[in-house]
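Welcome! Please take a moment with the sequence and the 3D view below, and then read on for a short briefing.

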Amino acid sequence: MSLIFGLITGILFGFILQRSGILSYEKQVGALRLIDMAVFKLMLSAIIVGAIGIYFFYDIGVIKLSLKATSVGGQVAGGLIFGVGWALLGYCPGISAGALGEGHIDALWGMFGMLFGGAVYAVIYPFMKKYIISIGSYGKISLPQILGVNHWIVIVALTILILVMFIVFEKKRL
Amino acid sequence: MKNKTWNPYLAGALVGILLVLSVIVAGKYLGASTTFARAASVIEKSVGIDYSQFEYFTTKKGKYGPGSLPNWQLMYVIGIAIGAFAAARFSGTFKAETVPPMWKKKFGSSRIKRGVVAFTGGALGLIGARLAGGCPTGHGLSGLSQLSVSGFIALACFAIGAVITAKLLYRDRRG
């Protein structure tokens, strides 16, 4: 059943992204070059709705959170390396599958690269675990926890911040 | 054929609703990058490489090893390709393309050049995503929706690395 839910969720996700026209290299790299913000608009809008929905259903006890462990070393080093790869390929892992579906065959080269990267990571994992992931390792923590405030305060603040970004995007016609 | 694209804010809201529904119905937060690491272990196993020599594929009871597939996330990634293909065909926007126009304008029409850079980017992207513990979907969308500290740090670094690299790639070389 879990497999079917995964497939259906993926199909809906791919359908929405294709219809919003953000699966092309031009839209993806256009966002990274800060000349066309459609990709960021979609992502940040999803985060606002996601955060409100997730914490609403968390508060009423319907769902559980699944936080990823914080490792400042892992997220900073890995994040920057990922960013370089994202710009070179032009598609992130989930987007590359959608881009291929839309006909961007170059995404397939990227996906082969990801398989290779996965194998390489398995080789270098012991080193990374010992020297990089161990830096600033704080476990599964959320922003409201470390700030010591209610999560809705953080959600409102995040929403305002993102709405300000949207106003800037629209004013600059990005 | 109706080719008008959906408003990105509305499409984003739909993605947010999809995330929430997925967590309610299947208990699954969205993410994609781990599938490629898991698939690498499946390939190693199938071509006779002893994958168990790598701690990553055996750690956490084989969470990232070949025994973890097929799973929810693999089907999710396959679904994305199917959903995008279906939407592209229905809307008449499917178009096979080997070299993106923006790339072609700057770096020429060589498929090999584009393929090599795309492969390198994919490899770096996956190494970075696994080191960070997620990709823009897992850390960005799912992580920020949960207000996870890891998500904020990762998404900021994804953006910094990507924006700087994209600016360097497409900088004006006349100066």
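## Pockets, backbone and salt bridges

Helix 8 of chain B gives the most to the lining of the second largest pocket, with six residues. This is a predicted model, in which local features need pLDDT of at least 70 and side-chain atom pairs count only at pLDDT 80 or more, while totals for chains, interfaces and linings use all residues. Residues are numbered from 1 along each chain as its sequence is written, chains are lettered from A and ligands numbered from 1 in the order in which they are written, and side-chain values use heavy atoms, with hydrogens and water left out. Helices (H or I, at least four residues) and strands (E, at least two) are DSSP runs, numbered from the N terminus.

**The second largest pocket**

- A pocket is an open set of points on a 1 Å grid over the protein atoms alone, where a 1.4 Å probe fits, with protein on both sides within 12 Å along at least five of seven lines; lining residues have an atom within 4 Å of a point.
- The second largest pocket has a volume of about 370 Å³, a volume being the space filled by probe spheres set on the points, which are joined across faces, edges and corners.
- Its lining has 18 residues, and A:F40, A:L44, A:M165, B:L155 and B:A159 are the closest to the centre.
- Two or more lining residues come from each of helix 3 (38-59) and helix 8 (151-171) of chain A and helix 8 (149-169) of chain B.
- By class, this lining holds 17 nonpolar residues, one polar and no charged; Ala, Val, Leu, Ile, Met, Phe, Trp, Tyr, Cys and Pro count as nonpolar, Asp, Glu, Lys and Arg as charged, and the others, Gly among them, as polar.

**The largest pocket**

- The largest pocket has a volume of about 990 Å³.
- Of its 40 lining residues, A:K68, B:K63, B:Y64, B:R130 and B:G133 are the closest to the centre.
- The lining of the largest pocket is made up of 14 nonpolar, 18 polar and eight charged residues.

**Backbone features to look for**

- Between B:L69 and B:P70 the peptide bond is cis, with omega near -5°, and B:P70 sits in the loop between helix 3 and helix 4 of chain B.

**Salt bridges**

- Over all chains there are four salt bridges, each a side-chain nitrogen of Lys or Arg within 4 Å of a carboxyl oxygen of Asp or Glu.
- B:R114 and A:D106 form one of them, at 2.7 Å from N to O, and this pair crosses between helix 6 of chain B and helix 6 of chain A.
- B:R114 is buried at 0% relative accessibility, and A:D106 is buried at 0% too.
- In another, B:E55 meets A:K129 with the closest N and O atoms 2.5 Å apart; B:E55 lies in helix 3 of chain B and A:K129 in helix 6 of chain A, so the pair joins two chains.

Notes:
Buried means under 20% relative accessible area, exposed over 50%, partly exposed in between (1.4 Å probe, protein chains only).
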